[in-house]
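Let's take a walk through this model together, one region at a time. Have the sequence and the coordinates open beside you.

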Amino acid sequence: MGRPDARTLVLAAAFLLALAAIVAPQLQRPTDAYRLLAVVDITGSMNVRDYSFEGRPASRLDTVKRTLSGLAARLPCGSRMGLGIFTERRTYLLFEPVEVCADFAPLEGAIGALNWRMAWEGDSYIYSGLYSAIDLAGPLDADLLFFTDGQEAPPLSASGAPAFSGERGKVRGLVVGVGGIEPAPIPKFDRDGREIGFYAMTDVPQENRHGLPPTGSEQREGWHPRNAPWGADEAAGQEHLSAVRTDHLKDLAETTGLTYAPLSDAGTLAAEVEASARPHPVAGTMDTSPLPAALALLLLAGLYLAQLWDRRPLFLRNRRISAS
């Protein structure tokens, strides 16, 4: 038998490399993983459509869900993520942190199933939701991701948000600001969940008139220190419109020891998590099969291109014959 030609040798090498890819070992290596609790605001203002996806308007809630699923896909194996929702004045835990690789399908499904209809009240006490989320994350030894546009409903009183009673910085993580900077209308739904328009100024409280009146209220029309400390006119404002309340969220983040970050794409959010969350060393693995598989593919591609080059004179001759 004669010596095998180059084509046979290349095919044999590609075959051996493909077999090597099948039986390639998993190498053990330490890696940094994260333990996170993601809490998503599902109150009415999160239905505002001031994002876009594939050329169409997208709501804040849908954008958060896509970004959070993308973040879960980017976290290193060994990381764990839990999920909670905020509405009215409390955060509720849906499930404790699960491993993002082994349990990615149910985790992604749970994130995708989040819906504003899960809310049980229309109010939105952001500060209270954040404080209770911190109380949940602490016993879970998890860093917090709190997604919200920061719109308090009803608005905060003149005295501002109540003081944070927890230990500042005990729980680390991000307050993620959601929404555009320009006020946008808030969709309005009927009791059956059908969209029927947008909220008007008269539909929502424009001012919180509990506690002491704000400074300067004595300059209002019809002011009376006992009978009308806020003045006689009805409050007017833009609380029926919604934009991300960056300053308020930054204040809450500073008060609690968290870090503020605006919502961006999943890659940017993953970088923010890496910068703010606590890494947990875990025994990771590295799959070595892509290397021999890639080499086998390169050999087959090179062999195919070489055959095309060898047939080039025949191809050119056939073109000349057909042209004549």
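Where does Pro225 lie? Pro225 sits in the loop between strand S11 (195–198) and strand S12 (241–242); here helices (H or I, at least four residues) and strands (E, at least two) are DSSP runs, numbered from the N terminus. Before going on, note that this is a predicted model, in which local features need pLDDT of at least 70 and side-chain atom pairs count only at pLDDT 80 or more, while totals for chains, interfaces and linings use all residues. Residues are numbered from 1 along each chain as its sequence is written, and side-chain values use heavy atoms, with hydrogens and water left out.

Pro225 is exposed, with a relative accessible area of 58%; buried means under 20% relative accessible area, exposed over 50%, and partly exposed in between (1.4 Å probe, protein chains only). Pro225 and Ile186 are 39 residues apart in sequence, and their C-alpha atoms are 35 Å apart in space. Now set another pair beside this one. Asp135, in helix H4 (residues 126–137), is exposed too, at a relative accessible area of 54%. Between Asp135 and Gly166 there are 31 residues in sequence but 8.1 Å in space, C-alpha to C-alpha.

Next, turn to strand S7 (143–148). Six of its six residues are buried. As a general rule, side chains in a regular strand alternate between the two faces of the sheet. In S7 both faces are covered: Asp143, Leu145 and Phe147 are buried on one side, and Leu144, Phe146 and Thr148 are buried on the other. S7 runs parallel to strand S2 (residues 35–41), joined to it by five bridges; two strands pair if DSSP finds at least two bridges between them. Within this pairing, Val40 has Phe147 of S7 as its bridge partner. S7 also pairs with S8 in the parallel sense, over five bridges, and there Phe146 stands opposite Val175.

Follow the chain past S7 and you come to Asp149, which lies in the loop between S7 and strand S8 (173–177). Asp149 forms a salt bridge with Arg60, and the closest N and O atoms are 2.8 Å apart; the term stands for a side-chain nitrogen of Lys or Arg within 4 Å of a carboxyl oxygen of Asp or Glu. Because Arg60 belongs to helix H2, the pair ties together parts that are 89 residues apart in sequence. Asp149 counts as buried, since its relative accessibility is 0%, and Arg60 counts as buried at 0% as well. Asp50 joins these two in a network of salt bridges.

Arg89 and Glu88 meet at 3.0 Å, N to O; Arg89 is partly exposed, at 36% relative accessible area, whereas Glu88 is buried, at 15%. Arg194 and Asp192 have their closest N and O atoms 3.3 Å apart, and both of these residues are exposed.

Arg60 brings us to helix H2 (60–74). H2 is mostly covered, with eleven of its 15 residues buried; among them are Leu61, Val64, Leu68 and Leu71. How does its length compare with what its 15 residues should span? The expected span (1.5 Å times one less than the number of residues) is 21 Å, and the end C-alpha atoms are 21 Å apart, which agrees.

Finally, look at the open spaces. A pocket here is an open set of points on a 1 Å grid over the protein atoms alone, where a 1.4 Å probe fits, with protein on both sides within 12 Å along at least five of seven lines; lining residues have an atom within 4 Å of a point. Grid points are joined across faces, edges and corners, and a volume is the space filled by probe spheres set on the points. The largest pocket holds about 570 Å³. It is lined by 28 residues, of which Gly44, Ser45, Gly122, Asp123 and Tyr199 are the closest to its centre. Strand S10 (residues 187–189) gives the largest share of this lining, three residues.

The second largest pocket has about 170 Å³ of space. Of its 13 lining residues, Asn47, Ser59, Leu61, Asp62 and Trp116 are the closest to the centre. Here H2 returns, giving the largest share of the lining, three residues.
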